[in-house]
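Here's a quick tour of one protein model. Take a look at the sequence and the 3D view, then read on.

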Amino acid sequence: MLKLTKPQRLNRGDKVATVSLSWGGAGDANLIWRYEQGKKRLQEQFGLEVVEMPNTLKGTAFVYQNPEKRAEDLMAAFADQSIKAIFTCIGGDDSIRMLPFIDFDVIRKNPKILVGYSDTTITHFMCLKANLSSFYGPSILAEFAENIKMCETHHFPHSAHCFGFFWVHRFLRHHCSYCRNKSNDEKPIQTGQLEKGQTIDVQGTYQLTFDNLAGFTGLQVKKDPGVAVI
């Protein structure tokens, strides 16, 4: 079994960085408003200080033409001790070109939260090679910038697209809250193997039901646990 380094969870007021590691659309004139909307949600709803790396918002053309600059941003974000987490703006199909410019020791020696999905999978594999546990989750331009407001569903996500405020809050603040005691996150909750349709109570706070969805563990929150905003 892999013994990956688990990064420190986030706290209110922590500084986090945004990066464009694949597609650079976050900096395009017709999309910058959406980036700002996602950034504002991280600031106001999650209480985080959000900063851009030097090349995050330089636009599609520049980001595509300069994979080494994308890698520089990623390395700088990991190396900066004031930055506690890294959020990707969006996926794409070009992260692979960063590989020649990655220093795995920088990642290994500076473990912190990395969040993203789709083509960010390449960067997750980089973290894996550096022995760091990372988070397949929402992006700035999509889930954080969702029209009107972030999704508020309390269903455990089938994919990153289902990540709403509740689960983002729980995973970034508690990492694995559905299998840990919310009052003492070092004490695991013994849930055992669930049968289809079986429901269990978790610490008397909410319920989990196995619904047997194909290709999915099926844990589903049936009762609003009423988690307060950070």
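Is Arg 108 buried, partly exposed or exposed? With a relative accessibility of 38%, Arg 108 counts as partly exposed, because that value falls between the 20% and 50% cut-offs. Keep in mind that this is a predicted model.

**Arg 108 and its partner**
- Arg 108 forms a salt bridge with Asp 105, and their closest N and O atoms are 2.5 Å apart.
- You'll find both residues in helix H4, three residues apart, or about one turn of the helix.
- Asp 105 is partly exposed too, at 38% relative accessible area.

**A salt-bridge network**
- Searching the whole structure turns up five salt bridges.
- Opposite charges on side chains can pair up when the charged atoms come close.
- Arg 70, Asp 94 and Arg 97 are linked in a network.
- Asp 94 meets Arg 70 at 2.5 Å, N to O.
- Arg 70 sits in helix H3 and Asp 94 in the loop between S3 and helix H4, so this pair ties together parts 24 residues apart in sequence.
- Asp 94 also meets Arg 97, at 3.0 Å.
- Arg 70 is buried at 2% and Asp 94 is buried at 9%, while Arg 97 is partly exposed at 31%.

**Strand S1 and its neighbours**
- Four of the five residues in S1 (residues 15–19) are buried, so the rest of the structure largely encloses this strand.
- S1 runs parallel to S2, joined by four bridges, with Val 16 opposite Val 50.
- Between S1 and S2 the chain passes through helix H1 in a right-handed β-α-β crossover.
- S1 also runs parallel to S3, joined by five bridges; there, Lys 15 has Ile 83 as its bridge partner.

Notes. Residues are numbered from 1 along each chain as its sequence is written. This is a predicted model: local features need pLDDT of at least 70, side-chain atom pairs count only at pLDDT 80 or more; totals for chains, interfaces and linings use all residues. Side-chain values use heavy atoms; hydrogens and water are left out. Buried means under 20% relative accessible area, exposed over 50%, partly exposed in between (1.4 Å probe, protein chains only). Helices (H or I, at least four residues) and strands (E, at least two) are DSSP runs, numbered from the N terminus. Two strands pair if DSSP finds at least two bridges between them. A crossover is right-handed if, with the strands pointing away from the viewer, the path from the first strand over the helix to the second runs clockwise. A salt bridge is a side-chain nitrogen of Lys or Arg within 4 Å of a carboxyl oxygen of Asp or Glu.
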